[in-house]
Amino acid sequence: MPSVVVVPPPSPLPWPSAGSGCEVRTHWVYQFTQSYRGQVYALLSTPTGRSADVATTVTWGVWAWHHDVTVTSGVPAQGLGGTLLLFDKLDTNVRNPLVEVDTAVPTCAAFGTAGGTSVAPLAVVDADQGWVGVTSSPAPVDDR
């Protein structure tokens, strides 16, 4: 199965200390190619140029990953800096759900697969562990 090529970030860092000027959001949606099977990623960065601890949820179909992540600065669109969330895409069937990334504060993001390019993050998080099932409706409330 293909793996993402992670290389050391350049020195000095090629973005201004004030941040990359990227588009920031708290909700990102992406869909990996249905036929792809291998390592995939979400590369997050702060727009401020400083690291921040960010409550992050990745939802992929019926699965969710909830963690506080130290997000670093970078330029995700160029694969430079930031915090790399690595996980495996194992399913290639017709059901190819969207990947949704939600963060408690606005961040920059880019998505990719282990093909042809490398990324140079400041931090890497193994996001293959800790996925939980998502229910489609809220749990019933017992008011008795």
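Here is our conversation about the predicted model shown above.

Trainee: Among contacts between residues at least 6 apart in sequence, what share joins residues at least 24 apart?

Mentor: A contact here means heavy atoms within 4.5 Å. Among the contacts in the protein between residues at least 6 apart, those joining residues at least 24 apart make up 85%.

Trainee: Is F32 buried or exposed?

Mentor: Buried means under 20% relative accessible area. F32 has a relative accessibility of 2%, so F32 counts as buried.

Trainee: Y30 and F32 form an aromatic pair, so to speak; what is its geometry?

Mentor: Planes over 60 degrees apart count as edge-to-face. The rings of Y30 and F32 lie 4.9 Å apart centre to centre, with 70° between the planes. Y30 itself is partly exposed, at a relative accessible area of 31%. The geometry of the Y30 and F32 pair is edge-to-face.

Trainee: F32 and F87 pair too; how many residues apart in sequence are the parts that this pair ties together?

Mentor: The F32 and F87 pair is edge-to-face, at 6.4 Å centre to centre and 80° between the planes. F87 counts as buried, with 1% relative accessibility. Because F32 lies in the loop between β2 (25-30) and β3 (38-45) while F87 is in strand β8, the parts tied together are apart in sequence by 55 residues.

Trainee: Which residues form one aromatic cluster?

Mentor: By the pairing rule, the count comes to seven aromatic pairs. One aromatic cluster is formed by Y30, F32, W60, F87, F111 and W131.

Trainee: Which strand gives the largest share of the lining of the largest pocket?

Mentor: The largest pocket holds about 350 Å³ of space. Of the 14 residues that line the largest pocket, the closest to its centre are W60, W63, D88, L90 and D91. The lining divides into seven nonpolar, two polar and five charged residues. Its largest share, three residues, comes from residues 83-89, strand β8.

Trainee: One last one: which residue lies over the face of W28?

Mentor: A charge sits over a ring if, among other conditions, CZ of Arg is within 6 Å of the ring centre. At 4.1 Å from the ring centre of W28, the residue over its face is R25.

Definitions and conventions. Residues numbered from 1 in each chain as written. Predicted model: local features only at pLDDT ≥ 70, side-chain atom pairs only at ≥ 80, totals over all residues. Heavy atoms only, no water. 1 Å grid on protein atoms, 1.4 Å probe; cavity = no way out; pocket = protein on both sides within 12 Å on 5 of 7 lines; lining within 4 Å. Points joined across faces, edges and corners; volume = space filled by probe spheres on them. Helix = DSSP H or I, 4+ residues; strand = E, 2+ residues; numbered from the N terminus. Nonpolar A, V, L, I, M, F, W, Y, C, P; charged D, E, K, R; others polar. Phe/Tyr/Trp six-rings, centres within 6.5 Å; stacked < 30°, edge-to-face > 60°. Buried < 20%, exposed > 50% of the residue type's maximum accessible area, 1.4 Å probe, protein only. Lys NZ or Arg CZ within 6 Å of the ring centre and 35° of its normal.
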